[in-house]
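This briefing is meant for a reader who is meeting the structure for the first time. Please look over the sequence and the model below before going on to the points that follow.

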Amino acid sequence: MKAIFESGGKQYYVNEGDIIYVEKLEAEVGSDVEFSKVLFANGKAGSPYLDGAKVICNVEKHGKQKKIIVFKYKPKKKYRNRKGHRQPYTKLVVKKIAVK
């Protein structure tokens, strides 16, 4: 069964058993997370969300992505600014897609 759900302002297209990385969630490792903002599941589309549909995922781990470097400069002005950023994420395993 396939589904599209929304989390953190982004949409994810998943199957049961898929591993996905989403914006960091406030959930314990090993616990289950339920997403009710399901846009599409099992060939049915909502407007905008399906009533009674949910995607249940298991939290596998929390972490940070690779560092990206943000470098700004202005030529001939001796202005240089270098910053690094690591975006936090949550790794999820899709357990079940439930549709009423």
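Predicted model: local features only at pLDDT ≥ 70, side-chain atom pairs only at ≥ 80, totals over all residues.

Asp32 counts as partly exposed because its relative accessibility is 45%.

**Salt bridges**

- The structure holds 4 salt bridges, and one of them joins Asp32 to Lys95, with the closest N and O atoms 2.9 Å apart.
- That pair links distant parts of the chain, since Lys95 belongs to strand E10 (residues 88-98) and Asp32 to strand E4 (residues 32-35), 63 residues apart.
- Lys95 is likewise described as partly exposed, its relative accessibility being 45%.
- Another salt bridge brings together the side chains of Lys54 and Glu34, at 3.8 Å from N to O, and this pair also links distant parts of the chain, with Lys54 in strand E7 (residues 54-64) and Glu34 in strand E4, 20 residues apart.
- Lys54 has a relative accessible area of 30% and is therefore partly exposed.
- A further salt bridge is formed by the side chains of Lys10 and Glu23, at 2.6 Å from N to O, and it connects strand E2 (residues 10-15), which holds Lys10, with strand E3 (residues 19-23), which holds Glu23, the two residues being 13 apart.
- Both partners are partly exposed, with a relative accessibility of 37% for Lys10 and a relative accessible area of 26% for Glu23.
- As a general point, side chains of opposite charge can pair when their charged atoms come close.

**The nonpolar core**

- The largest nonpolar core has 19 residues, and those that touch the most other members are Phe5, Val14, Phe35, Val38, Val55, Leu92 and Ile97.
- Two or more residues of this core come from each of strand E1 (2-7), E2, E3, E4, strand E5 (38-41), E7 and E10.
- Ile97, leaving aside residues up to four places away in sequence, touches several residues, including Met1, Val14, Ala41, Lys54 and Val55.
- In soluble globular proteins, nonpolar side chains tend to be buried together.

- Phe71 lies in strand E8 (residues 68-74), and it is partly exposed because its relative accessible area is 48%.
- Together with Ile69 and Tyr73, Phe71 forms a nonpolar patch on the surface, and the three have about 330 Å² of accessible area together.
- The hairpin has 4 residues between its strands, and in it Lys76 takes a positive phi near 65 degrees.
- Lys78, found in the loop between E8 and E9, is a residue other than glycine that has a positive phi, near 55 degrees.
- Lys78 is exposed, because its relative accessible area is 85%.

**Other backbone details**

- The peptide bond leading from Ser47 to Pro48 is cis, with omega near -5 degrees, and Pro48 sits in the loop between strand E6 (44-45) and E7.
- Asn42, in the loop between E5 and E6, has a positive phi of about 55 degrees although it is not a glycine.
- With a relative accessible area of 47%, Asn42 is partly exposed.

How values were computed:
Residues numbered from 1 in each chain as written. Heavy atoms only, no water. Patch = residues over 30% accessible without salt bridge, like charges linked within 9 Å, V, L, I, M, F, W, Y side chains within 5 Å. Areas by Shrake-Rupley, 256 points an atom, 1.4 Å probe, with all protein chains shown as cover. Buried < 20%, exposed > 50% of the residue type's maximum accessible area, 1.4 Å probe, protein only. Pairing = 2+ DSSP bridges. Core = buried A, V, L, I, M, F, W, Y, C linked by side-chain atoms within 4.5 Å. Contact = heavy atoms within 4.5 Å.
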